[in-house]
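Here is a short walk through a predicted model.

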Amino acid sequence: MAVRGRDARGRRPRLPRRAAGLVLAVLLTASACSAPADADTSLTVREIDATLERRAAAVLARDPAGYLDALAPDAAKLRAAQRTELANLADVPLKSWSYEVKGITEEDGDWATAEVELRYRIDGYDTAPVTARRTLELMRDGERWYVSADRPAKGASDQLWHQGEVEVVRGAHSLVLGVGRPEEELRQIADTVDLAVPAVSDAWPQPWARRVVVHVPDSVESMAGLLGSPETSYRGIAAVTTGEAGTTGERPALADRVIVNPQAYASLGSFGQRVVLTHETTHVATRTSTSTATPVWLSEGFADWAAYRGEDRTPDLIAPELTGAVRAGDVPAGLPDDEDFGFDGDPAELARAYESAWMACELIAERWGKEKLTAFYAAVGAHPGRDGAVEQALGSVLDTTPEEFTADWRDYLSARLG
């Protein structure tokens, strides 16, 4: 919410002189931002860093006065909004909260616009930070900078606490954060995730955190706001998982979040809800073995395989769209492409893509065994790029070729669904 303005002569107003802000006992480590070549800009970054360090320390100390001390004193609307946002975070168990100035995009005397990365971790759940890009407008008074506007950076989205007061429900393996949803609903989601975690651990025996953070916004519109996408993309989608693939080796995967569409999720029965949250939990578990080399059919098919493997349902009930196509003589010619999994397409085609992917993983588990399926998944994700990843893993793990596997999969569809 910008408060930046000019006086009648076209000049930006200066802040009144202020006493030094409250000295906080807890300070975060200074941001490790590379100093620009320009000395003045470098000084500005260091001064803004100092302001943001005080702000971050106030968040962790649950200190409203210290948090507001970083804001422009005459920015009444911003101060009210930021006071509310800090209150919305009151029950969220934060482990860390820090800012890094990524660059100064505009500087004019006592005014500056900075691109900033917020990083935070939830205590007991995140082994790496969630990152959120923010654009801050700042104004200087003497040696101090004060925030006069705070908004998502271009292409970024708000966080859950920007949408309202966050209610926290803890499970044995889950932390559910909700806004505007009944506590009973959040508890039921936590209980379902608690069932999903051991089921996923059995399907995916490789090490993972075995803890899941779930966000439950108040509507599909709010869900889309958290994801930075049009709400039409998620109306029929019960949940999605956010995270960064391809982070094995040099650095850890960033923290995952399962985000629930409360309307679509509520329309499912207990079976559907259990499958959805087990599917999404599988994405959390396999994140460090999922990379840009992993085709969507494998990541989604494996997640569905893990979700359905403990359920007593026949293939035709799990894959009704694909069953109809196969029985009509329309057996897919090949495994689905990444583009076939877009949420904006034909729902029936999307369902067939998911069902086809599930049947491919089901085939591997049935013919080669569960251990070979997980080894195949890991081998594909470990490949340096998409080209040749599946082909190499099919040969090294399953002793087959893409052509042979596709033919076997098509025969398997006809045998199981025909």
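Glu100 and Arg119 meet through their side chains in a salt bridge, at 2.6 Å from N to O. Glu100 belongs to strand S1 (residues 94-108) and Arg119 to strand S2 (residues 111-122), so the pair ties together parts 19 residues apart in sequence. Glu100 has a relative accessible area of 10%, under the 20% limit, so it is buried. Arg119 reaches 28% relative accessibility and therefore counts as partly exposed.

The structure holds 22 salt bridges. Another of them joins Glu47 to Arg140, with the closest N and O atoms 3.1 Å apart. Glu47 sits in helix H1 (residues 39-60) and Arg140 in strand S3 (residues 130-141), so this pair ties together parts 93 residues apart in sequence. Both Glu47 and Arg140 are buried.

Arg416 and Glu366 also form a salt bridge, at 3.0 Å from N to O. This pair links distant parts of the chain: Arg416 is in helix H14 (residues 402-417), Glu366 in helix H11, 50 residues apart. Arg416 is partly exposed at 30% relative accessible area. Glu366, at 51%, counts as exposed. Elsewhere, salt bridges with shared partners join Arg55, Arg134, Asp150 and Asp158 into one network.

The largest nonpolar core has 67 residues, of which Ile189, Val214, Trp297, Trp305 and Phe376 touch the most other members. Helix H11 (residues 347-367) supplies the largest share of this core, 11 residues. Val214 touches residues including Leu175, Ile189 and Val258. Apart from this core lies another, of 51 residues, among them Ala58, Leu68, Met139 and Val240.

Terms used
Residues are numbered from 1 along each chain as its sequence is written. This is a predicted model: local features need pLDDT of at least 70, side-chain atom pairs count only at pLDDT 80 or more; totals for chains, interfaces and linings use all residues. Side-chain values use heavy atoms; hydrogens and water are left out. A nonpolar core is a set of buried Ala, Val, Leu, Ile, Met, Phe, Trp, Tyr and Cys residues joined through side-chain atoms within 4.5 Å. Buried means under 20% relative accessible area, exposed over 50%, partly exposed in between (1.4 Å probe, protein chains only). Helices (H or I, at least four residues) and strands (E, at least two) are DSSP runs, numbered from the N terminus. Contact means heavy atoms within 4.5 Å. A salt bridge is a side-chain nitrogen of Lys or Arg within 4 Å of a carboxyl oxygen of Asp or Glu. Lists of a residue's contacts leave out its neighbours within four places in sequence.
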